[in-house]
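This report covers selected local features of one protein model.

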Amino acid sequence: MKFIPQHDQMDCGPACIAMITKMYGKEYPLQYLRDISHISKEGVSLMSISDAAEKIGFETYPSLLSIEVLLEEGTLPCVLHWNKNHFVVLYDVKKNVFTGKKRFKVADPSHGLITLSEEEFKKSWCSQEDKGIVLFLSPTEKFEEMEPPKTQKLTISYLLNYLKPFKKQVAFMFSMLLLGSLVTLVFPFLTQNLIDKGVTVGDMNMITLILLAQLGLFLGAITIQIIRNSLTLYVGTKLSINIISDFLKKTLQLPIKFFDSKMVGDFNQRINDNERIEEFLTSQSLVTVFSIMTFSVFFGVLWYYDFTILAVYLALTVFSISWSYYFLKKRRMLDYFKFQQRAENQDSILEIINGVSEMKLNQFEEFKRKAWVKIQNKLFKTNLRILKIDQVQVSGYEFLNQLKNILVTFLAATYVVKGQMTIGELLSISYIIGQMNSPVNQLVDFFRSLQDAKLSLERLNEVQNHPEEETMYVNEEGEEQPLKTLEISENIFVNNGIEKGIRLKNVSFQYEGPKSQFILKDINMLIPEGKVTAIVGASGSGKTTLLKLLLRFYDPTLGSIHYNYDDILSLSPKSIRENCGVVMQDGYIFSDTIERNIATGDEVIDYDKLIKAVRIANIEEYIMSLPLKLKTKIGASGNGISGGQKQRILIARAVYKNPHYIFFDEATSALDAENEKIIHDNLQEFFKDRTAVVIAHRLSTVKNADQIIVLKNGEIVEYGNHKKLVENKADYFHLVKNQLELGN
């Protein structure tokens, strides 16, 4: 069974499919399986796993059955719903010849390959009345015919490119290490001469001279080490900045959909991964190169003294390195599990810190603390497994090392007793063995660092290989074309007298797989150019999702959206958003000054525009009352300001952009009636000659819209102006009746 671990907290489903495809001889990239599983932050459903398996050529059979039926009629491997919140692969069942008891072999993407007794298996799998949920998969001809998508894998050579800008520093470090190696080479000969030509013959001048030479060389070695460490710090810091900067740059170029399935802890852990890459490139790689050089030099010297001693030393060294390498492979899988659990830990801590007010209000502290303790216990168990492997590896390695040193010393001492070697040569060989042990230890550390760097590269691969948001699009002729820029023209009509605006034609959308619920269904509408369109409806009717489609956070599942005559799929998402001023329900306030929160991307702030935006958002009085005024720094996520102040800053941010399109999603829901009226009046002037889409529950804010669209369960049920819709006495009338006291 080829085990494939989940890389992130929500990856268990795709990892299970990947293991099963591997058992049938095909290797599918985890990211591809994630995409076709429509994974989200809530994880993945059995239906989505089934859909993904069918897409790559499996026939699937989901079932709820007993363990007896599973053993009699089930085919392995199969996917099991585990502990009511996880998925694993059952790949084999063995029966003990002597006891007759069954042992279940399970591949758990978050734990590894495990063997369970029947009681343990039933406890985790059976969810209701001794029955459990299982998904059987059977490959079809389609599976055999399909080829897994190719992905470009990052290699160590990719990482070495980061060293190119630091050629001079690396060359200098190289020369420092070489000089240090030459210095250490002199010591064994000085030790031999100290004994044979100084102590043995009683020559104090020779003893003094050799000891002074050793002192000078020692001071030189310390100086070289200080310079080398300074350079390593400089190059390492710069490398770390460049690697993480490139990672963030690439991550920020990915579509919004990529972030839907990622937790904050997953990203934090990937950034921590870069530190391991930086350590490999700077500390481990260069030092290992020179350790091998030092080893080679002393290897030659030891050969010069005696080949038998060298052969014994070399044989035990190869054995000890092989021993360590074997356990490093065992440790590899545990690294994945530690990554996931540390990511969970970070998410838990962030949630506790960010949600402390709500926890105290709702007496939720103890529950969340216990949840954190559970994560720590899982992390402890993983660390314990790593410790056990490390202890066996280190203990075995140290034993072999000591055995090697004792055997070599015994051989050398035997030669001295037989008169075939001087005492000085014996001490010199002892010194050489001590010096050769250090490069061997360094080589073992290098293998571990290399493994860590490769694991980190695999996780970076997911980001590097993911298609960017700004990519090519395929036109009607099936040709790839570069994305176009959204053009804003002053003409009233475009192409053949078609009215300008944003046109939606038969638009439907679902967040998950093809069998999931449609959030929007068959939407046909025109958002006219230069007019205000209001979208209303009960919670969950699809209003915010519709707005996200207009901003190209997501592409329609069915149908098309056109900005004037341009299909939205042919437009650069960045160019759409550059022309849009947006206030979302969950708009974010950055940990920065008020002026930077409003001006955002402008390197040089236009203060005339800024003051105008502040006045329209009716927040000038509040800002002027602060000691630092616009320079006042706000806490992360808007800590320290009220919900109404936060919304007014978000409105000012949208206005500051001076956009052609304005999208407001519950932009004034946290404002009191007086502030809402002032801002509403200010915005009416600002909306002139702009295309605005306003989503609201508070319907007093949309009364004056040029058209009102009423959504219900993802469908348009009414549209028109306020007066007409009230007269209809249908859905809109019932929505506004209580708020506006319209009576019957």
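Where does D130 lie? D130 is found in the loop that runs between β6 (126–128) and β7 (131–139); helices (H or I, at least four residues) and strands (E, at least two) are DSSP runs, numbered from the N terminus. The model is predicted, so local features need pLDDT of at least 70 and side-chain atom pairs count only at pLDDT 80 or more, while totals for chains, interfaces and linings use all residues. Residues are numbered from 1 along each chain as its sequence is written, and side-chain values use heavy atoms, with hydrogens and water left out.

**Surface patches**

D130 is exposed, at a relative accessible area of 52% (buried means under 20%, exposed over 50%, partly exposed in between, with a 1.4 Å probe and protein chains only). Together with E68, E72, E73 and E129, D130 gathers in a patch of negative charge on the surface. Patches are made of residues with over 30% relative accessible area and no salt bridge, like charges being joined within 9 Å and nonpolar side chains (Val, Leu, Ile, Met, Phe, Trp, Tyr) within 5 Å.

A nonpolar patch on the surface is formed by F174, L178, L179, L182, V289 and M293, which together have about 460 Å² of accessible area. The elements giving two or more residues to this patch are α8 (167–199) and α11 (264–305). The most comes from α8, with four residues. F174 sits in helix α8 and is partly exposed at 36%.

**Aromatic packing**

Across the whole structure, a search finds 18 aromatic pairs. Ring centres of W82 and F121 are 5.6 Å apart and their planes stand at 55°, so this pair is tilted (rings of Phe, Tyr and Trp, its six-membered ring, pair if their centres lie within 6.5 Å; planes under 30 degrees apart count as stacked, over 60 as edge-to-face and the rest as tilted). W82 belongs to strand β2 (residues 78–82) and F121 to helix α5 (residues 118–125), so the pair ties together parts 39 residues apart in sequence. W82 is buried at 3% relative accessibility, and F121 is buried at 0%. One aromatic cluster is formed by W82, F104, F121 and W125.

**Backbone geometry**

L76 and P77 are joined by a cis peptide bond, with omega about 0°. P77 is in the loop between α4 (67–73) and β2.

N564 is not a glycine but has a positive phi of about 60°. Its loop lies between β15 (558–563) and β16 (566–567), and N564 is buried at 12%. N618 also has a positive phi, near 55°. N618 is in the loop between α19 (607–616) and α20 (620–624) and counts as partly exposed at 24%.

**Salt bridges**

The whole structure holds 14 salt bridges (a side-chain nitrogen of Lys or Arg within 4 Å of a carboxyl oxygen of Asp or Glu). Among them are these:

| Pair | N to O distance |
|---|---|
| D566 and K484 | 3.0 Å |
| D555 and R552 | 3.0 Å |
| K712 and D731 | 3.2 Å |

D566 in strand β16 and K484 in the loop between β9 (480–481) and β10 (493–494) are 82 residues apart, and their pair links distant parts of the chain. D566 is buried at 6%, whereas K484 is partly exposed at 35%.

D555 is partly exposed at 35%, and R552 is buried at 12%.

K712 is partly exposed at 43%, as is D731 at 26%.

Technical notes: Accessible areas come from the Shrake-Rupley method with a 1.4 Å probe; for residues, only the protein chains shown count as cover. Lys and Arg count as positive and Asp and Glu as negative; His and the chain ends are not counted. The place of a charge is taken as NZ of Lys, CZ of Arg, CG of Asp or CD of Glu.
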